[in-house]
Amino acid sequence: MSLMERGNARPVTAVAWASNSGTCPKDFTLISLTEDGASANFTRTFGMKSGYYLCYSKDSAGGMVVSDIRILSDKDSLPHGYCFIAEHLEPKATVSKKKRVCVRIVPVGSVETAVLDIKLTAKSKMMLQHYTFVGDIHGYVLWYRKGYFSKPTPQAKPRSVSLDIRQLSLEQPSPPLPLRPSNPPPPQLPPSRLSHRRHTLQTKDELDKPADGSIHGITALDGVPFSLHPKFETQANETNSDLNIPIKSLQDIENEYNYTFAVEENAAKRIRPSVQMAGIPSTQ
């Protein structure tokens, strides 16, 4: 068998016992005949009418595959990772426990090779090419073929596409409405002379600051809150008129508050008398 044929084979996913085709699950294949033409009915004792058959499945819905098959006697312990095959029998039918079939089931993505086919022969001298001898059980010989298998291709999940009815319409969509702020700005009051002066001072202060916000533009007045004296605020509220505050220029302020500190300079220039030490006359 070529590598391509082996790669296209479906793996065995489960093995079980069944009393007949009626108790055999729908996804299983019942082995009713051996390769040499004999009946594959496993009868426990002579003269017993009811028996059981070996069956297997290749349904990949469970995502598991059979990687190995073994036959154990009643004295053998079950190997790690193996399990006894299932039984789909009639109510009074039983399977002989002297020899039992166990399988190793693994996830489909964890192995590259798996069991691809199972066959039975009635004569131990008969050899099956490309098949591995498992053992004899109740007068039959169990064989399996192992190799590469075709892994199921993952199917993409269908997308639920919902179309908007407005997109299917031939009419031109209406223009979007302008956005309105949730918090509109407060109404602007008519500016007075004082507010205009304050706005001019604030604008000049902003222009004096450097653009990069460095410490070189910080002055001693930065951070000092500006507030009007309560006396003027009371008068402004009572009369509701413009305040008569004279605005002086820099030269007017210097002329009015000019102080030369001449007295302090003369006092500093005076010669202080030296302190005479005890027993030593002064040099002055």
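Trainee: So helices (H or I, at least four residues) and strands (E, at least two) are DSSP runs, numbered from the N terminus. Which strand does Asp68 lie in?

Mentor: Asp68 lies in strand β4, which covers residues 64–73. Bear in mind that this is a predicted model, where local features need pLDDT of at least 70, side-chain atom pairs count only at pLDDT 80 or more, and totals for chains, interfaces and linings use all residues. Residues are numbered from 1 along each chain as its sequence is written, and side-chain values use heavy atoms, with hydrogens and water left out.

Trainee: Is Asp68 buried or exposed?

Mentor: Asp68 counts as buried because its relative accessibility is 14%. Buried is under 20% relative accessible area, exposed is over 50%, and partly exposed is in between (1.4 Å probe, protein chains only).

Trainee: What does the side chain of Asp68 make a polar contact with?

Mentor: The side chain of Tyr144, at 3.2 Å. A polar contact here is a pair of N or O atoms within 3.5 Å; within protein, one must be able to donate a hydrogen and the other to accept it, and residues adjacent in sequence count only if both atoms are side-chain atoms.

Trainee: New topic, then. How many aromatic pairs does the structure hold?

Mentor: Six. Rings of Phe, Tyr and Trp (its six-membered ring) pair if their centres lie within 6.5 Å; planes under 30 degrees apart are stacked, over 60 edge-to-face, and the rest tilted. One of the six is Trp17 with Phe42, edge-to-face, with 5.1 Å from centre to centre and 75 degrees between the planes.

Trainee: Where in the chain are Trp17 and Phe42?

Mentor: In distant parts, 25 residues apart. Trp17 is in strand β1 (residues 14–18), while Phe42 is in the loop between β2 (28–31) and β3 (53–57).

Trainee: And are they buried or exposed?

Mentor: Trp17 counts as buried because its relative accessibility is 4%, and Phe42 does so at 1%.

Trainee: How about Tyr259 and Phe261, why is that pair edge-to-face?

Mentor: Because their planes are at 80 degrees, with the ring centres 4.6 Å apart. Tyr259 is partly exposed, at a relative accessible area of 45%, and Phe261 is partly exposed too, at 47%.

Trainee: Which residues do ring pairs link into a cluster?

Mentor: Trp17, Phe42, Tyr52 and Tyr140.

Trainee: Last one: what lies over the face of Phe84?

Mentor: Arg100, at 3.8 Å from the ring centre. A charge sits over a ring if NZ of Lys or CZ of Arg is within 6 Å of the ring centre and within 35 degrees of the ring normal.
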